[in-house]
Amino acid sequence: MVEYQDQSLRGKVFQRIREDILSGVYQDGDELREITLGEKLGVSRTPVREALRQLELEGLVTIVPNKGAYVTAITQKDVKDIYMVRSLLEGLCARWATRNITEEQIEELEEILLLSEFHLKRRNEGRVKQVSELDGKFHKVLYEASDSRILEHVLKDFHKYVKMARQLSVGTPDRAEHSIAEHRGILNAIKNKDEDLAERLANEHIMKVMRNLHIEK
């Protein structure tokens with residue numbers, strides 16, 4: 001039981017530091033000190049050290065012997081590669097979702113789109129964040145609807161890696177409007193049980209997001 005709790009603690013420390021790197025709390029080249037992180041998270045240095053090693057395997061941290069651990073930024077090429085691979089996987093996800101989606105999930109997607117349209121029309125300062133969060137939620141429901149734990153895990157990871165870039169994309173009024181319309185098209189194809197169309201529209205949607213970020217092919 002103690003071992004399980006210890007593993008859970010290590011996992012939580014890893015996820016917290018990882019999320020802070022991906023969300024921009026730590027910038028490229030920032031040193032990640034074990035003592036400082038341990039104090040911030042209320043844990044000993046051991047789970048922090050293990051989390052940093054795991055983050056190094058993901059390419060988010062560089063550990064320099066006898067010096068320390070430093071944040072490694074995600075480059076534009078990394079983002080481009082993720083979007084290229086993600087476009088294919090999102091298409092596969094939409095195809096599988098067409099086969100496996102439940103009525104409850106369809107209703108949830110409909111609600112997300114209605115809320116997205118509502119917030120897009122508002123002129124308050126928080127609408128960009130709200131639309132961005134709903135955009136992410138739409139994709140999350142699709143991942144779950146694919147009924148594939150492996151595909152869901154991979155796509156959720158990709159989503160986290162390009163979190164900041166995705167916020168910039170849906171933060172553009174015109175792009176946000178087009179994105180919601182594209183989501184609507186994907187959902188309609190799924191509801192009509194058109195696997196080929198759902199896959200194609202999902203693939204095209206991600207490529208359009210990438211082009212909007214001015215990432216060269």
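1. A word on burial before anything else: a residue is called buried under 20% relative accessible area, exposed over 50% and partly exposed in between, using a 1.4 Å probe and protein chains only. By that scale R184 is partly exposed, at 22% relative accessible area. Please keep in mind that this is a predicted model, where local features need pLDDT of at least 70, side-chain atom pairs count only at pLDDT 80 or more, and totals for chains, interfaces and linings use all residues. Residues are numbered from 1 along each chain as its sequence is written, and side-chain values use heavy atoms, with hydrogens and water left out.

2. Helices here are DSSP runs (H or I, at least four residues), numbered from the N terminus. E117 is partly exposed, with a relative accessible area of 28%.

3. What does E34 pair with? E34 forms a salt bridge with R49, and their closest N and O atoms are 3.3 Å apart. Since E34 sits in helix α2 (residues 34-41) and R49 in helix α3 (residues 45-57), the pair ties together parts that are 15 residues apart in sequence. E34 counts as buried at 19% relative accessibility, whereas R49 is partly exposed at 28%.

4. A pair within one helix is worth a look too. E204 and R200 meet through their side chains in a salt bridge of 3.2 Å, N to O. They are four residues apart in helix α10 (residues 195-212), so about one helical turn separates them. Both ends are partly exposed, E204 at 30% relative accessibility and R200 at 44%. Elsewhere, salt bridges that share partners join R95, R99, E195, D196 and E199 into one network. The count of salt bridges by this rule comes to 21.

5. Now for helix packing. The axes of α4 (residues 76-100) and α7 (residues 149-161) come within 10 Å and cross at roughly 140°, which means that α4 is oblique to α7. Axes are lines fitted to C-alpha atoms, for helices over the stretch in contact, with angles from 0 to 180 degrees between N-to-C directions. Angles under 35 degrees count as roughly parallel, over 145 as roughly antiparallel, 65 to 115 as roughly perpendicular and the rest as oblique.

6. Is H139 buried or exposed? H139, in helix α6 (residues 127-145), is buried, with a relative accessible area of 2%. Its side chain makes a polar contact of 3.2 Å with the side chain of H183; such a contact is a pair of N or O atoms within 3.5 Å, where within protein one must be able to donate a hydrogen and the other to accept it, and residues adjacent in sequence count only if both atoms are side-chain atoms. Beyond neighbours within four places in sequence, H139 is in contact with R86, E90, H159, H183, H205 and I206.

7. K137 is also placed in helix α6, but K137 is partly exposed at 40% relative accessible area. Not counting residues up to four places away in sequence, K137 touches E108 and I112. K137 and E108 are 29 residues apart in sequence, with 9.6 Å from C-alpha to C-alpha.

Methods. Helix = DSSP H or I, 4+ residues; strand = E, 2+ residues; numbered from the N terminus. Contact = heavy atoms within 4.5 Å. Salt bridge = Lys/Arg side-chain N within 4 Å of Asp/Glu carboxyl O.
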